[in-house]
Amino acid sequence: MADFEVITYEKKDGTGYVTLDRPHALNAYNIRMRDELYQVLGAIKDDSEVKVAIFRGAGERAFCAGADLTEFLTAPSPAIARQVRWARDVWGLFLSIPQPLIAALHGYVLGSGIEIALCCDIRVASEDVRLGLPETGLGIIPAAGGTQTLPRTVGRAAALEMLLTGRLVDAKEALRMGLVNHVVPRQELLPNAERIANKIKSHPQAAVVCAKQAVVRGLDLDLEAGLALEARLARLLA
Ligand code: COA
């Protein structure tokens, strides 16, 4: 795989580790990061050796402080941005990954940062986490799925409050609203994510992939169609 500049990717014992790696800018999501993430997500999706992947942020202060504001004013025109998005649909690719994805969150998790976390299946956070969507205050709306993935995770009222006020939620509140699965001390963050990954890896992979597919695809279906999907996947496994 090509050399990366703003993320790192390693594979160990069937786990893929993706680290957002611009700690001097609180791991802000820039165009380079979009391109590298697209490449690494494609690699994970096609790699049968990767049973589960963990996403995290480098440095002490943030998982990711959102879109890189220094690129904001120099961004290409909306038409070009849309073409690029069609060519490089990072968020669609994220949501199409068959393997379970775990986000290990610390510090600031803002804008694109929370949207990356919401594309993951399980979120663990350290006690210092602060999550939010500041976009509306900047005169834009989240464009990496946040308006869709957040309400599907925390419900309409909590999602709208976060989106419309831009208020940051702390670890306790995030846990209470179901935005994160677990809150642990900072030094326990990666070990906790790895324990979950190891448990998942100990199960037959086909069952894991089918269970994820049933839940993720089923959430967008009505109950009847969801049950039919579950039956199809169960037959496939049997
Ligand atoms: N894009 C580019 N650089 C960013 C950034 C972003 N989204 N967020 C932080 N940084 C950079 C800062 O410019 C600063 O760089 P510098 O040391 O070269 O000056 C460094 O990261 C540290 O951030 P700083 O603002 O000094 O830390 P802080 O503790 O005072 O504040 C935040 C932390 C997260 C509250 C603040 O950085 C912030 O509001 N960031 C923007 C969040 C945002 O609006 N994201 C976009 C969502 S669409």
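## A buried glutamate and its salt bridges

Glu36 is buried, with a relative accessible area of 2%. This value, like the others in this report, comes from a predicted model. The side chain of Glu36 forms a salt bridge with that of Arg32, at 2.6 Å from N to O. Both residues belong to helix α1, and because they are four residues apart there, about one helical turn separates them.

Arg32 also meets Glu5 in a salt bridge, with an N to O distance of 3.8 Å. Here the partners come from distant parts of the chain, 27 residues apart: Glu5 sits in the segment before β1 (7-12), and Arg32 in helix α1 (residues 31-46). Glu5 counts as exposed, at 56% relative accessibility, whereas Arg32 counts as partly exposed, at 35%.

## A bridge between two strands

The whole structure holds 12 salt bridges. One of them joins the side chains of Glu10 and Arg56, at 4.0 Å from N to O. Glu10 is in strand β1 and Arg56 in strand β3 (residues 52-57), so this pair ties together parts that lie 46 residues apart in sequence. Both are partly exposed: Glu10 has 41% relative accessibility, and Arg56 has a relative accessible area of 23%.

## Nonpolar cores

The largest nonpolar core has 48 residues, and those touching the most other members are Leu37, Phe55, Phe94, Leu105, Leu131, Leu150 and Leu179. Leaving aside residues up to four places away in sequence, Phe55 touches Val18, Leu37, Leu41, Phe63, Phe94, Leu101, Ile102, Ala103, Ala104 and Cys120. Another core, of 14 residues, lies apart from the largest one; Ile54, Val124, Ala193 and Ile196 are among its members.

Leu69, Leu138 and Ile140 make a nonpolar surface patch of about 270 Å². Leu138 is located in the loop between β8 (130-132) and α6 (146-154). Its relative accessible area is 47%, so Leu138 is partly exposed.

## Two domains

The domain assignment divides the protein into domain 1 (7-200) and domain 2 (204-237). Taken over C-alpha atoms, the centres of the two domains are 24 Å apart. In the contact between them, 11 residues of domain 1 meet six residues of domain 2.

Arg232 is found in helix α11 (residues 223-237). Arg232 is partly exposed, with a relative accessible area of 45%.

Methods. Residues numbered from 1 in each chain as written. Predicted model: local features only at pLDDT ≥ 70, side-chain atom pairs only at ≥ 80, totals over all residues. Heavy atoms only, no water. Patch = residues over 30% accessible without salt bridge, like charges linked within 9 Å, V, L, I, M, F, W, Y side chains within 5 Å. Areas by Shrake-Rupley, 256 points an atom, 1.4 Å probe, with all protein chains shown as cover. Buried < 20%, exposed > 50% of the residue type's maximum accessible area, 1.4 Å probe, protein only. Core = buried A, V, L, I, M, F, W, Y, C linked by side-chain atoms within 4.5 Å. Contact = heavy atoms within 4.5 Å. Domains from an automatic or database assignment.
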